[in-house]
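I opened the model to look up a few local features. My entries follow in the order I made them.

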Amino acid sequence: MDSIEDRVPFDVVVSGYAIHHLTDDRKRELYGEVFGLLRAGGVFVNIEHVKSPSGRLEKLWEEMMLDSLFAYDTERGSRRSREEVADEFLHRPDKAANILAPVEDQCGWLRELGFVDVDCYFKVLELAVFGGRKPPA
Ligand SMILES: C[S@@+](CC[C@H](N)C(=O)[O-])C[C@H]1O[C@@H](n2cnc3c(N)ncnc32)[C@H](O)[C@@H]1O
């Protein structure tokens, strides 16, 4: 099977809900590796769980998630209370695996690495779509 080196350069690199498990140093390093894998003009898009800029917004995010989870649960016939759904969500075992970084910081790393057209293209509280483009040749 071809290795990744046999397939470079790529037109597009897309990541979904994965890089937030890496340390910030490794995130930044990985973005540099992505830059190296793209052709000139190639695009990187990261669909990602990012850190809230304040405790108040983090709480708002959690409440919005809980409203959705509770409605989803109830529509499927569950009789669990919102408090029970909240307890499970707030104490989920994989929560500690999330190493969230603010989207502004991550866009800054992309710019420092040489990406252009860097922006957060879409965001709903802690869910963000951001990225950039390797400069055209
Ligand atoms: C929330 S899931 C998202 C899965 C998939 N990308 C999607 O969007 O449906 C997070 C993924 O990150 C992976 N992951 C966690 N830590 C990782 C690491 N250190 N290196 C590579 N992948 C990791 C997990 O195995 C899991 O598949």
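First, the terms for elements: helices (H or I, at least four residues) and strands (E, at least two) are DSSP runs, numbered from the N terminus. I worked on a predicted model, where local features need pLDDT of at least 70, side-chain atom pairs count only at pLDDT 80 or more, and totals for chains, interfaces and linings use all residues. Residues are numbered from 1 along each chain as its sequence is written, and side-chain values use heavy atoms, with hydrogens and water left out.

Entry: A96.
I looked up A96 in the loop between α4 (82–90) and α5. For burial I used these classes: buried is under 20% relative accessible area, exposed is over 50%, and partly exposed is in between (1.4 Å probe, protein chains only). A96 has a relative accessible area of 74%, so I logged it as exposed. I also took the C-alpha to C-alpha distance from A96 to M64: 20 Å in space, for 32 residues in sequence.

Entry: K27.
Is K27 buried or exposed? Its relative accessible area is 0%, so K27 is buried. I found K27 in helix α2 (residues 24–37). Next I checked polar contacts, that is, pairs of N or O atoms within 3.5 Å; within protein, one must be able to donate a hydrogen and the other to accept it, and residues adjacent in sequence count only if both atoms are side-chain atoms. The K27 side chain has such a contact with the side chain of D24, at 2.7 Å. Contact in general means heavy atoms within 4.5 Å. Setting aside residues up to four places away in sequence, I listed I19, H20, L22, I99, A101, Q106 and W109 as touching K27.

Entry: the core.
A nonpolar core is a set of buried Ala, Val, Leu, Ile, Met, Phe, Trp, Tyr and Cys residues joined through side-chain atoms within 4.5 Å. The largest one has 18 residues, and Y31, F44, L110, F115 and F130 touch the most other members. At least two residues of this core come from each of α2, β2 (38–49), α5 (103–112) and β4 (127–133).
For α5, I noted V103, Q106, C107, G108, W109 and L110 as buried. Their cover includes α2, β2, β3 (116–124) and β4. After α5 comes G114, with a positive phi near 110°.

Entry: the ligand.
Which residues surround the ligand? I read off G16, Y17, A18, H21 and L22, counting a residue as near if one of its heavy atoms lies within 4 Å. The protein covers 30% of the 590 Å² of accessible area that the ligand has on its own (Shrake-Rupley method, 1.4 Å probe).

Entry: backbone.
Most residues other than glycine have a negative phi, and most peptide bonds are trans. I checked for exceptions. Y17 has a positive phi of about 50°. Y17 lies in the loop between β1 and α2, and at 42% relative accessibility it is partly exposed. L125 also has a positive phi, near 50°. L125 is in the loop between β3 and β4 and is partly exposed at 22%. V8 and P9 are joined by a cis peptide bond, with omega about 0°. I placed P9 in the loop between α1 (4–7) and β1 (10–16).
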